[in-house]
Amino acid sequence: MQNDFDYGVLSRTAHRPSPMPDEPWLMTQTWHDLAFVHWPVDQQQLLSALPAGIELDIFEGQAWIGLVPFHMTNVAPRGVPALPWVSAFPELNVRTYVVAKERPGVYFFSLDAGNPVAVGLARSMLHLPYYSAVMSVTPRQDWYDYRSRRVGGDGMQPAELDASYRPTGPVFEPAEGTLEHFLTERYCLYTVNPEHRLLRIDIHHAPWPLQTGEIVLNTNTMIEPTGVRLPDMAPLVHFAKRQDMVAWRLMQVA
């Protein structure tokens, strides 16, 4: 579906940890069939993979790394209608959790996308580590078969995912103070520019409509470029059917 963005999310703000920015938002996105796949990892390994100046955020003494496959529609600047192919494509993130100036957020180690135009714009304008990939998302009964293989240059390291995931429980909103809330309810992302200045993008969405989930990982080399070793255990998995979000401009963190 295109141009079906739910603007009702703009009126749902009571759950936010901080007020919405006092300026117009600039972009819409709708995220579909998303899996949050998380592992507890060694803090020192994770810290060594982060740029200088970004503080790691931990939950009850434990650091986490996440793999997040999904696909998007309604990717468009404010006031511009969504267009086929340009505004809809798969994306796959590798992320962790950080804090700056007492604002918790997300730091992305990589963002693979099936749209080379979006990859080029995000790398040049937003200083985000986007990579082009050959990707597919195939529904199969209540499962989602997800395939991604990174392609192209830009100093990339090979990375691939071949996995199937599904929801296994009823929908719930994560309660404040829980691990699920810590891993999902984040309203900004951080990155650094070539001059190593810390930058932030604020976002807004409704509370996450989570479900417990499961995943079968046939191939997963997405974490390897970070240098962080995954534990020999099944990951923690959550699923969300849909999330509509808006994003503000990139700004320097004072």
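Reader: Is N74 buried or exposed?
Author: N74 has a relative accessible area of 2%. Buried means under 20%, exposed over 50% and partly exposed in between (1.4 Å probe, protein chains only). Therefore N74 is buried.

Reader: What kind of model is this?
Author: Residues are numbered from 1 along each chain as its sequence is written, and side-chain values use heavy atoms, with hydrogens and water left out. Local features need pLDDT of at least 70, side-chain atom pairs count only at pLDDT 80 or more, and totals for chains, interfaces and linings use all residues: this is a predicted model.

Reader: What is the phi of N74?
Author: N74 sits in strand β3, residues 63-77. Strands are DSSP runs of E with at least two residues; helices are runs of H or I with at least four, and both are numbered from the N terminus. Most residues other than glycine have a negative phi. N74 has a positive phi, near 55°.

Reader: Where is H127 found?
Author: H127 also has a positive phi, near 55°. At 26% relative accessibility, H127 is partly exposed. H127 lies in the loop between α2 (116-125) and β6 (130-140).

Reader: How far apart in space are M245 and G105?
Author: M245 belongs to strand β12, residues 236-252. M245 is buried, at 3% relative accessibility. In sequence, M245 and G105 are 140 residues apart. From C-alpha to C-alpha, the distance is 15 Å.

Reader: Which residues does M245 contact, leaving aside neighbours within four places in sequence?
Author: Contact means heavy atoms within 4.5 Å. Among the partners are F5, M27, T28 and Q29.

Reader: What radius of gyration does the protein chain have?
Author: The radius is taken over C-alpha atoms, and the globule rule is 2.2 Å times the number of residues to the power 0.38. For 254 residues, a compact globule would come near 18 Å. The chain agrees with that, at 17 Å.

Reader: What share of the 254 residues is buried?
Author: The chain has three helices and twelve strands. Its C-alpha atoms fill a box of roughly 45 × 45 × 40 Å along the principal axes. The buried share of the residues is 52%.
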